[in-house]
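Visitor: Hi! Could you walk me through a few spots in this one?
Guide: Happy to. Here it is.

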Amino acid sequence: MEVFESAPPSYSEQELLDIAKTYFNKTGKIKPLVSERDQNARLIDGDDEYVIKVANSAEDDNLVEFQNAVLNHVAALDPELAIPKVIIGKDGCQIFKHNDNNIRLITFLKGDIFGDAPKSSLLYENLGKFLGRFSTAMQGFGHPHSHQPDFLWNLDNAIFTKQYIADIEKSDDKELVEYFYDRYEKLVVPRLERMRSCVIHSDANTYNLVVQGDEISGLIDFGDMLFAKQVNELAIALGYAVLDVDDIFAVSKALISGYTGEFPLSEDELEVLFDLAAMRLIMSVCISSNRASAASDEKHREYLTITQAPAFKALRKLRKIGMSFLNAFARKAGGYDAHRNLTPLKTSLDGIKISKMFDFDIYSEPRVLFDNAAGAPGTEHILNPEKHSNWVTNLLDENEARYGLGNYGENRTSFTLGVGFKSHGSPPDRTVHMAVDFWLRAPEKIYAPLDGVVQAIASNDDPFDYGTVLILSHQVDEGPEFYTLYGHLEKASVKKLNIGDTVAAGDHIATLGEIHENGGWTPHLHFQILLDLLDYEDGNFPGICEVATWSTWSDICPDPNLLLGFIPESFEHSDLTINDMLESRKQVLAPSLSVAYKKHIHMVRGKGPYLYDNTGRAFLDCVNNITHVGHCNPHVVNAIQTQAARLNTNSRYLYDGINKLAARIIDSMPDPLSVMFFVNSGSEANELALRLARHYTGRKTTVAVDWGYHGNTNATVAISAYKFNRKGGNGCPPETRLAEFPCPYQGRFNNYSDESGKAYAASVDEQIADLIKTTGEGPAAFIAESIAGVGGQVIYPDGYLKAAYEKIRASGGLCIADEVQTGLGRTGEQMWAYQLQGVVPDIVSFGKPFGNGHPMAAVVTTREIADKFANGMEYFNSFGGNPVSCAIGMAVLDEVENNGLRGKAIITGNYIMDGMRDMMDRYDLIGQVRGKGMFFGAELVKDRGTKEVAPEEASRIVQYLREDAVLFSTDGPYDNVLKGKPPMVFGLPEAEIFIDKLEKAFKRLYKEGF
Ligand SMILES: Cc1ncc(COP(=O)(O)O)c(C=O)c1O
């Protein structure tokens, strides 16, 4: 006879007392306890309390012994765990045969029954921890009688109870049970085989648990113990725990995280946890339906049916929340990413470039960040789309923004104002936004950011829903499949698409919908990434989630910025206004320092050829020759970090870096340039160059090329006509003589021939002669930039420097090449621009690009000059050539060499200059385009014949480019030369953008007039 069919034993109280006395020598008072198939009674002897367990006569002796073996095993491994302890009786025995029944005595565990007690999240967490400890203790336990595959309540045998579906009365209940069986057979059974098994309690329902406050004070009823899948232990507890609770998420999170904190589960196990929990409830309703159908007594049948109600309710709730989501929730609570593919997706999308999603460029167009938290301005209009739309337009206008950006992960509590995104699993509404929004003045076209396949198209006309929504699937390289979702579309615009269609990156996939068909919103795109369609194959995938589920959802729907690649500041509100910053700058910084542009820019980041302002807007940098190998170049940053963390000291100690870097630079220079000094700025380099020359020659004066700039110190300003002959300058000082500016465009000799070079160099001769006449000796030095930078990107005629050097050397002076702007390969053809003129200077100064933004500069000279300088007075420089600077210098050279930046400079530079020359046909303002590699310019003149300079026009072009997110500058004696010297990582794609936008700027200038 089966144990469920045999009536439980029914000894009288006196008989039970006799049994206790006879076998265990215990006395006390008897209190009956409820049991389905055995007879249990409490034996109270003062503070000592026991349970007399009288097994059903049909119960297998071995199973009784098995239960005691479990209790003894756990007591030995985790003595503090609150499970009953087995009492040893007469003759050291633990089990006694009395009539047909096996008798045992175990300790009674005090407390309230979990099911009837008040419950907190902490209690559920403690339940999880308790069961986790129990599972830990049970590892390695074996017993021959633990194997009961056919046991009715064995969750591994859930298929057995499927036959009882026929006994379920209501058709909708049947359908529900079939749904869960279907999932179970399709999704769970095939995976179970791979999962570990163990002896488990198998019935940690809330009536088998005893609590004291928030603590678990006991687990009882070991009658269902068997060898089964390990994960069933938690699944069964979870199934019962979610019965009749309001907040499924809080309860299950506490329980799962408590359990897995003690006893980790595998990803496989967690991915079926909720299905198995549901199956426990399914088995329960199946078995009770079967019993009800067999019950002869109507009342009993009714009772059985009523007790099913909480299980059906819970099952419906689980289904509504979504079983696939719940399994992801279990993964997260169990310590994993909610989705297996999260990390692989992030890896595959690292550094990805997407195609244009709108007719405008989301990166370079001005934008404004929208706040949708409760109380944020504008949110009061959400229920009135017309008003909201006007408000959005005004906000965009006020900020001169092309679009508004809505934040991912924002808790839009404003949505509780009546928009009403109800939760299925926990009481508060859904409020957390799982997408990035693009808010617009009016509907616009949307283009596919990547190649993809149409996965779902749905129309949901509920107020504040998506309207029409489109989902595409994608795969990037070997990465996992994922999806992009586009909400609030125009229905007609997606008509041409069918499920399964492929779309190419850049294809027009849809157009945004007007208010009347987009769910009732101000036109905007809701753009979301999904790693999984979960149970939402039809496209009605949620875009908003509960606060309680955000940590799970954010793994399934990771930040769309993985694709968009906006800088983080794009999504941060800046507390500082431009005016605030300007005001505080005025307070603390010297007014002689200017601020770029009339409309100032608050920069927060740099990357490659781009700088980013505080709204995240990307500005193409065509100016910065200091960040030679790109803003925040990772190799350079790494060199700084590594060396700064290891050693930074001054160059009086020995370290390898300085020698290696000096050798590498000297290697790039012709003989006899062979000795190096490290300094901190171009000005300091030129100061030192002058000192070297003065010391070597014993003279004081310098011949400098007109309109040159060599630094901000006393001695270098004194040789910089660009400073002393312009605003605020005091004119040429007596120790300086200016040689005629050898500018073939504006100068006296209008070509680049050798003759022209020689003709300009004649002026050097005149200055030498004048010096000798007035001071009695020739100059100490001649200094020239190798291409005139501030002078307006002026390429000297051939042979100019050669002739000038000859004349200076003949007079006993030294020749200094200022390579601060042009050095380290900027001109492409040669590493140093003086090489373009076929000369070898006596002293070379360089700086700017050397440290890629870190203050670093150097002077290279001959052994003879350096030795003469070493007259006993030490040349010490606190910072020059320190180990960190040297590591940076090496990294910069690595980048130039390893990435072929010189070759690239020629190609890109020529592309840009060709583009500008092409514009000369359309814009007669451009008098000349000139340059070498990534050092180029265009001189603007009002009349190509008279060459009258056009500085206002040049300034307006720069201003228009700034409005179009391109940083460009003017220079030259009259500020009429458009001057370009971008970071060397500027390539053809950037050059194309630059040329397009420059054309646009000229077009605008001509349209607006000048
Ligand atoms: C040609 C030239 N020499 C020297 C300097 C001075 O360099 P720094 O600003 O590093 O002192 C500059 C700076 O613009 C320069 O362009």
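Visitor: In which sense do strand 36 and strand 37 pair, and over how many bridges?
Guide: Strand 36 (residues 969-971) and strand 37 pair in the antiparallel sense, over three bridges. Strands here are DSSP E runs of at least two residues, helices are H or I runs of at least four, both numbered from the N terminus, and pairing takes at least two DSSP bridges. This is a predicted model, where local features need pLDDT of at least 70, side-chain atom pairs count only at pLDDT 80 or more, and totals for chains, interfaces and linings use all residues. Residues are numbered from 1 along each chain as its sequence is written, and side-chain values use heavy atoms, with hydrogens and water left out.

Visitor: Which residue is the bridge partner of Thr970?
Guide: Leu978, in strand 37. Ala938 also stands opposite Leu978, and strand 34 (residues 935-940) pairs with strand 37 in the antiparallel sense over four bridges.

Visitor: What about the hairpin of strand 36 and strand 37, which residue takes a positive phi?
Guide: Gly972, with phi near 100°; the hairpin has five residues between the strands.

Visitor: New topic: at what angle do helix 5 and helix 6 pack?
Guide: Helix 5 (residues 231-241) and helix 6 (residues 248-262) pack at about 160°, with axes 10 Å apart. Axes are lines fitted to C-alpha atoms over the stretch in contact, and angles run from 0 to 180 degrees between N-to-C directions. So helix 5 is roughly antiparallel to helix 6, a label for angles over 145 degrees.

Note on methods: Parallel < 35°, antiparallel > 145°, perpendicular 65-115°, else oblique.
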